[in-house]
Amino acid sequence: MTDAVYSPPHHDDGRAKRAVAILVWAHSILGAQMPVHFILGGLAGQMLAADPAWATLPISVTVFGSMCAAPILSTIMGRFGRRTGFIIGALSGATGAGLAAYGISEKSFALLVGGSYLIGIYMSAHGFYRFAAADSASAEFRPKAISWVMAGGLVAALLGPELVKQFKDWMEPVPFAGGYKVLVFVNLIGMIPLFFLDLPRQPRPAKGERSGRPWREILSNRTVVVAMICAMISYALMNLVMTSTPLAMIACGFVTDDAAEIVRIHVVMMFLPSFFTGPLIVRYGAPRIISIGLVALAACSVVAIMGISFTHFGIALGLLGIGWNFGFIGATALLAGAHLPEERARVQGLNDFLVFGLVTIASLSSGALMASIGWEAVNVAMLPFLTVAALALAWLMMAGGRR
């Protein structure tokens, strides 16, 4: 396997910084949808599902929808530009939120799940913001651009749980539906700046020519392989634990507002480190930053197993957020520098398909583990996957992949 690192042949950091400003706004507003959905999706599912084991199905279907949409949206963005794909995502988020609100008001689990699938298309488009930040950036600015866009999630982390508190009873006497109804407006407002997004389109090959290298050659680059593995595991383990957290807290005697506060802590810690993750990657290399993320995820598992007080939940979910940030942003930066510009749609589409495929499995497993065994089992399940990620990272670093 090779370890080649690539940089765009032409870059414009001024253009990249203007794009980053728009993406930060979009991430700040549109990103509020996921905290709301993660807080209310499992609780609404528990209220409507015939079997408690299916309580987290709405969230699982969201991730499944994101997995299915990733290659399609990546292809659309490769052909028509990032802006088109991002607007499709925001419109899907608005439609899905409206359908979920209607499904809850009609006591229809099927409609809630259908709306959740459309939210998954939004989630997939939203996930490409991090790659869009790197499209026209230089190799030096690329990690900073990615981390600055991800830092926009800090506003979403504060906004999302507050929307739950203020609007969850907006459609009284129907619980939870109001939280989804307000998301329709959040999506419509958040998408406005996307119309002004200006990013280079993926280079198009001449007629009859291949777009980039064959898959065998791309996947022979160990940097690509390890970046995908670490991205998959960082995101999947975050989802595994976060999906079950509201259910675990309610089972331990806490109320919905308590769960919203813990999710707020978690999402803040997902994005707060982004202000310095990029410079750290530039200075120390992505693999070392990813390794810190894996340690934080392991610490989350240990703290969660130690107790079920509000403090234990808060510390564990805070560590979960930090672990995701370092692991996922590090993996994104690693991948963004390991493929050619004309391979962007294919490689990034495959990456997010694999990421959200494993996240789908984690989300489904989360509900089943929580219902059959309990909170402790959810956290113990993290450890084998962390071992796989650590071994893959060691394989890369021993081969001199820190660059």
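Lys-165 is partly exposed, with a relative accessible area of 28%; here buried means under 20% relative accessible area, exposed over 50%, and partly exposed in between, for a 1.4 Å probe and protein chains only. The model is predicted, so local features need pLDDT of at least 70 and side-chain atom pairs count only at pLDDT 80 or more, while totals for chains, interfaces and linings use all residues. Residues are numbered from 1 along each chain as its sequence is written, and side-chain values use heavy atoms, with hydrogens and water left out.

Lys-165 forms a salt bridge with Glu-261, the closest N and O atoms being 2.9 Å apart. The term stands for a side-chain nitrogen of Lys or Arg within 4 Å of a carboxyl oxygen of Asp or Glu. Glu-261 lies in helix H12 and Lys-165 in helix H8, so this pair ties together parts that are 96 residues apart in sequence. Helices are DSSP runs of H or I with at least four residues, and strands are runs of E with at least two, numbered from the N terminus. Glu-261 is itself partly exposed, at 25% relative accessibility.

Glu-261 also meets the side chain of Arg-264 in a salt bridge of 3.4 Å, N to O. Both residues are in helix H12, and because they are 3 residues apart they are separated by about one helical turn. A further salt bridge, 3.1 Å from N to O, joins Arg-264 to Glu-162. This pair links distant parts of the chain, with Arg-264 in helix H12 and Glu-162 in helix H8 (residues 153-167), 102 residues apart. Arg-264 counts as buried at 12% relative accessibility, whereas Glu-162 counts as partly exposed at 31%. Through shared partners, the salt bridges join Glu-162, Lys-165, Glu-261 and Arg-264 into one network. The count of salt bridges by this rule is 4.

Helix H12 runs over residues 256-271 and has 16 residues. From first C-alpha to last it reaches 23 Å, close to the 22 Å expected at 1.5 Å a residue; the expected span is 1.5 Å times one less than the number of residues. Buried residues in H12 include Thr-256, Ala-260, Val-263 and Val-267.

Which residues of H2 do these four meet in H12? They meet Pro-35, Ile-39 and Leu-43, contact being heavy atoms within 4.5 Å. The axes of H2 and H12 come within 10 Å and cross at roughly 145°. Axes are lines fitted to C-alpha atoms, for helices over the stretch in contact, and angles run from 0 to 180 degrees between N-to-C directions.

Helix H2 (residues 33-48) also holds His-37, which is buried with a relative accessible area of 0%. Leaving aside neighbours within four places in sequence, His-37 is in contact with residues including Pro-58, Ser-116 and Tyr-180.

The largest nonpolar core has 136 residues. Such a core is a set of buried Ala, Val, Leu, Ile, Met, Phe, Trp, Tyr and Cys residues joined through side-chain atoms within 4.5 Å. Helix H11 (residues 222-251) gives the most to this core, with 18 residues. Phe-86, Tyr-235 and Leu-320 have the most contacts inside the core. Not counting residues up to four places away in sequence, Tyr-235 touches Met-123, Trp-324, Phe-328, Val-355, Phe-356 and Val-359.
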